[in-house]
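Trainee: I am new to this structure and would like to learn how to read it, feature by feature. Could you guide me through it?

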Amino acid sequence: MSRPPLLENPWYYLENFEFVLKWIVQRYSDLLLPQEQEFIHAFLQAPQASRGLLVRMIMRKGKLFRASKLQYQEIGSTPRAVQALIEQQWVVDDPVLTLSELFSMLTKAEITLLFGPALATTQAATASKAIQLERLQVQFPDARRFSLWIDPSAQARPAPAFADTVYREQTGDISERLRLMFFGNLHQDWSEFVLSELGLFTYEKVIFSSSSRAFQTREDIDTYLHLHRCKEQLTTSIATGDTVELTGIRHAIGPRHDNEWLETRRSKLLFKLGQHHERFGMWPEALSCYQDSSYPGARARSVRVLERAYRFDDALLLAQAALQSPENEAEHQSLLRMLPRLLRRTGATAGARRTASEVPKIHLSLPTSAARTRVEEQVRQYLDHAQAPVFYVENTLINTLFGLLCWDAIFTAIPGAFFHPFQQGPADLLHANFQTRRQPQLDACLAQLNSQQYKQTILENFSRKSGIQSPFVAWGCISAEILNTALTCMPAQHLKITFARLMQDLRSNRSGLPDLIQFWPVEQRYRMIEVKGPGDRLQDNQIRWLDYCHAHHIPVAVCYVQHQLPAEA
């Protein structure tokens with residue numbers, strides 16, 4: 001077996017970084033700021049060892065590095081390589097450090113060596129680093145250069161172990177913006193290249209047009225980064241319980257954005273902020289967030305907030321208006337649940353209650369000894385036999401069948417869908433117009449369900465696309481045996497029905513499918529089974545799938561499990 005290319009080429013990480021820079025220049029030259037253009041030009045002109053060292057720093061966690069920890073064979077002398085980076089002010093030599101930053105650089109043994117007497121006087125000589133830091137901050141409140149922290153003349157005893165240098169990498173803002181422009185997000189990082197070259201992740205090859213890019217204006221980039229900072233502040237405020245900061249975040253988020261993709265991010269952030277206001281009973285603030293958000297579920301939450309604020313008439317009016325045109329099944333289900341309560345609260349006449357569909361039920365009493373095994377596996381083992389095998393598939397099977405049949409449509413290179421080589425799926429996957437934007441391609445794929453062609457396409461893609469990242473295909477979960485058996489036992493009409501619901505709301509409907517599937521290959525039939533253990537209840541998205549399948553004569557059942565009490569001796 002040949003070795004992975006990155007292990008043969010010690011400069012793989014540098015070549016990957018330079019690939020990103022050239023990609024950005026090719027597609028975003030009109031949006032780059034002067035300092036970004038200067039950085040790219042200067043970087044590409046720097047010595048190879050210096051370029052490699054900077055990229056090593058950028059790709060590692062944090063911004064502070066000890067020279068002794070920056071030893072790379074291909075780079076050679078770190079002090080020599082770093083000089084060009086210091087001259088460009090991309091790296092600071094011997095930076096000023098707070099005590100907290102110093103602690104992050106040192107081991108506990110080194111801290112003891114440096115601050116032994118001080119720790120002894122505070123009775124923290126054997127305490128944890130966190131406690132030692134807390135005790136010493138009173139004595140050492142000021143920041144100072146690393147060389148002064150470890151200067152033997154300033155300590156009670158010599159510290160020969162600290163013949164080291166510290167560097168602070170400070171290209172953070174530029175490198176972050178460049179990463180954002182390439183990936184179109186900040187949750188993907190440079191490890192994508194390594195995972196791809198190792199063969200751990202493989203991505204579909206899509207042809208990129210010159211206009212295929214995540215951002216169309218500089219304002220788009222700035223807005224994304226601004227929303228990202230707001231999200232980080234929200235996370236911090238939630239962790240600390242700072243309600244004052246939450247109010248500041250609400251104002252900082254800003255007005256609606258014309259870019260649909262960015263507006264989705266803004267609306268999601270407002271939704272999360274509204275949820276947190278709800279937890280504190282801050283009804284006006286929560287309502288303001290929800291009313292300014294188009295994120296799925298925001299309108300239903302507005303009804304709930306109005307109800308909890310005792311504004312029952314307003315809540316009823318909004319619920320009734322929303323029911324005239326629900327945004328999806330989830331909202332419709334939530335509103336129907338709230339409506340009878342709101343009608344009672346306002347003294348209005350309640351309509352007839354909706355009767356629940358009679359999804360078939362299975363009741364099993366299993367030995368208590370099996371309780372250590374997951375309840376889904378208990379039921380699978382109990383029902384499984386040679387003529388009717390049972391598999392645990394949950395959300396993977398239907399999604400995989402859809403993803404394999406509609407592979408070409410999903411990976412169609414339409415504008416705004418793909419803009420870098422490391423995308424698991426199209427960027428607009430969860431947008432409301434995902435289906436309409438590629439309707440001809442989806443229609444062509446789904447038309448195969450009218451003949452036997454769909455089976456050939458699914459099996460060919462299962463073989464030909466094996467391992468390639470997909471937002472639908474669960475490689476490793478669905479075996480060739482399950483796939484072939486499913487194509488034998490599940491009628492094309494049933495697949496057409498389930499795929500139709502899947503596409504109605506990809507955000508919600510990719511989950512909630514039954515846990516198990518049982519096949520009768522000789523009879524060419526099947527049933528899907530949702531499993532509920534003692535005390536477990538059906539979730540809303542599970543109820544929606546069960547009701548839908550039952551209404552369309554797709555065989556489903558709910559299996560309720562109880563454990564047998566041990567017999568008395």
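Predicted model: local features only at pLDDT ≥ 70, side-chain atom pairs only at ≥ 80, totals over all residues.

Trainee: What percentage of the residues in the protein chain is buried?

Mentor: Buried means under 20% relative accessible area, exposed over 50%, and partly exposed in between, with a 1.4 Å probe and protein chains only. Of the 569 residues in the protein chain, 49% are buried. As for contacts, which mean heavy atoms within 4.5 Å, 70% of those between residues at least 6 apart in sequence join residues at least 24 apart.

Trainee: Which residues of helix α15 are buried?

Mentor: In α15, which covers residues 283-291, the buried residues are W283, A286, L287, C289 and Y290. Seen down the axis of α15, they fall within an arc of 160°, so they line one face of the helix; the arc is that of the directions from the helix axis to the C-beta atoms. The face turned away from this buried side carries the exposed residues P284 and Q291, while the cover over the buried residues of α15 includes α13 (243-253), α14 (260-279) and α16 (298-308).

Trainee: And which residues of helix α5 are buried?

Mentor: Helix α5 (residues 78-87) has T78, A81, V82, A84 and L85 buried, and these fall within an arc of 150° when seen down the axis of α5, so they line one face of the helix. Exposed residues R80 and E87 are carried on the face of α5 turned away from its buried side. Among the elements that cover the buried residues of α5 are α4 (48-59), β2 (91-93) and β5 (166-169).

Trainee: Which residues touch the most other members of the largest nonpolar core?

Mentor: A nonpolar core is a set of buried Ala, Val, Leu, Ile, Met, Phe, Trp, Tyr and Cys residues joined through side-chain atoms within 4.5 Å. The largest such core has 56 residues, of which L397, L401, F402, M490, F499, I517 and F519 touch the most other members. Another core, of 51 residues, lies apart from it and includes Y12, L21, Y167 and I174.

Trainee: Which residues line the largest cavity?

Mentor: Rolling a probe the size of a water molecule over the atoms shows where empty space is left. On a 1 Å grid over the protein atoms alone, a cavity is a set of points where a 1.4 Å probe fits but cannot get out, and lining residues have an atom within 4 Å of a point. Here there is one cavity of 30 Å³ or more, and the largest cavity has a volume of about 40 Å³, a volume being the space filled by probe spheres set on the points, which are joined across faces, edges and corners. Its lining consists of E204, V206, F208, F411, F418, H420, P421 and Q423.

Trainee: Where is Q448 found?

Mentor: Q448 is found in the loop between α23 (439-446) and α24 (453-464), and Q448 is buried, with a relative accessible area of 15%. Leaving aside neighbours within four places in sequence, Q448 is in contact with L405, Q453, Y454 and T457.

Trainee: What is the phi of Q123?

Mentor: Most residues other than glycine have a negative phi. Q123, however, has a positive phi, near 55°; Q123 is found in the loop between α7 (108-121) and α8 (129-136), and is exposed, with a relative accessible area of 72%. H553 also has a positive phi, near 60°, and lies in the loop between α28 (540-551) and β10 (556-564).

Technical notes: Residues numbered from 1 in each chain as written. Heavy atoms only, no water. Helix = DSSP H or I, 4+ residues; strand = E, 2+ residues; numbered from the N terminus. 1 Å grid on protein atoms, 1.4 Å probe; cavity = no way out; pocket = protein on both sides within 12 Å on 5 of 7 lines; lining within 4 Å.
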